[in-house]
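Me: I'd like to go through some helix packing with you. Here is the model.

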Amino acid sequence: MNRFSLLVVGSLLSTSTLSLAQTTGGLPQALLELVGSVTLSDAQVVEASKQAVQQMDAQNQVAGPSDPYTVRLNKIVARHHTISGIPVNYKVYLTKDVNAFATADGSVRVFKGLMDIMTDQEVLAVMGHEMGHVVNKDSRDGMKAALRRSAVRDGLASRSGTVGQVARSQFGAAADYLLGAKFSRQQETEADDYSYQFLKKNGYSVLALATSFEKLAKLGGGGGPEFISDHPDSAKRAQRVRDRARQDGLAR
């Protein structure tokens, strides 16, 4: 995510080599039942997010425990297995895309391509942004809206005997959301602010957030990959971070 918009993310996600066709087969019966309603509680949306991520993990190449990318990521997040009271689980997708996302259940997925161009603290800054979307309920609300739209579109509320078929469509909507979530300008700014405070609180350089945006801006000729550039563009976001750091006495 989209999807940044890191994390899953919010958010802010680029076109991924992950195929939605890879994520729609063999769904657990619990998920079919879970999304078989237009009315979804927050707990159900969190569970739907968890199920979607598990299915994506099963269908795509995930770095193993001894893989250098996993070892590096574990070192980066060693102090942060709980963020704002939310238990977080991390994995690396061995995919060249510059991307990351986080979901409402606290799953954070970082793509190999992003780790290849970022320093450790920049990776953490991106994950802080993605977790900002989770803490601020953006990921939950976006997933809930996506599932509801799909349910209404497919006539789930009025049709019987087709729960499995429609629920598969619902899962497709969930996977689509995870890989292409879009957030408003205000939500992006608030997630940036969360990452800034997260870095500051934990003794990291807040400028890692700025430099991560600057790297992404260079990749996209100013805007950066879609997952990070929607509202506002990456260069402006980097400047906003630098201006705030100077105001806080954390940069010259």
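Predicted model: local features only at pLDDT ≥ 70, side-chain atom pairs only at ≥ 80, totals over all residues.

Me: How do helix 5 and helix 8 lie to each other, roughly parallel or oblique?

Reply: Oblique, because of the angle between them. Angles under 35 degrees count as roughly parallel, over 145 as roughly antiparallel, 65 to 115 as roughly perpendicular and the rest as oblique. The axes cross at roughly 125° and come within 7 Å. Axes are lines fitted to C-alpha atoms, for helices over the stretch in contact, with angles from 0 to 180 degrees between N-to-C directions.

Me: Which residues of helix 5 and helix 8 meet?

Reply: On the helix 5 side, Gln121, Leu124, Ala125, Gly128, His129, Met131, Gly132, His133 and Val135. They meet Gln187, Glu188, Ala191, Asp192, Tyr194, Ser195, Phe198 and Leu199 in helix 8. Contact means heavy atoms within 4.5 Å. By class, there are eight nonpolar, seven polar and two charged residues.

Me: Asp192 is in that list. Is aspartate 192 buried or exposed?

Reply: Aspartate 192 counts as buried because its relative accessibility is 2%. The cut-offs are under 20% relative accessible area for buried, over 50% for exposed and partly exposed in between (1.4 Å probe, protein chains only).

Me: What does the side chain of aspartate 192 make a polar contact with?

Reply: The side chain of arginine 237, at 3.0 Å. A polar contact is a pair of N or O atoms within 3.5 Å; within protein, one must be able to donate a hydrogen and the other to accept it, and residues adjacent in sequence count only if both atoms are side-chain atoms. Leaving aside neighbours within four places in sequence, aspartate 192 also contacts His129, Leu209, Phe213 and Arg240.

Me: New topic. At what angle do helix 3 and helix 5 pack?

Reply: About 70°, with axes 10 Å apart. Helix 3 and helix 5 are therefore roughly perpendicular. Arg72, Leu73 and Ile76 in helix 3 meet Asp120, Val123, Leu124 and Met127 in helix 5.

Me: Last one. Where is valine 53?

Reply: In helix 2, residues 42-59. Valine 53 counts as buried because its relative accessibility is 1%. Valine 53 and valine 108 are 55 residues apart in sequence and 9.2 Å apart in space, C-alpha to C-alpha.

How values were computed. Residues numbered from 1 in each chain as written. Heavy atoms only, no water. Helix = DSSP H or I, 4+ residues; strand = E, 2+ residues; numbered from the N terminus. Nonpolar A, V, L, I, M, F, W, Y, C, P; charged D, E, K, R; others polar.
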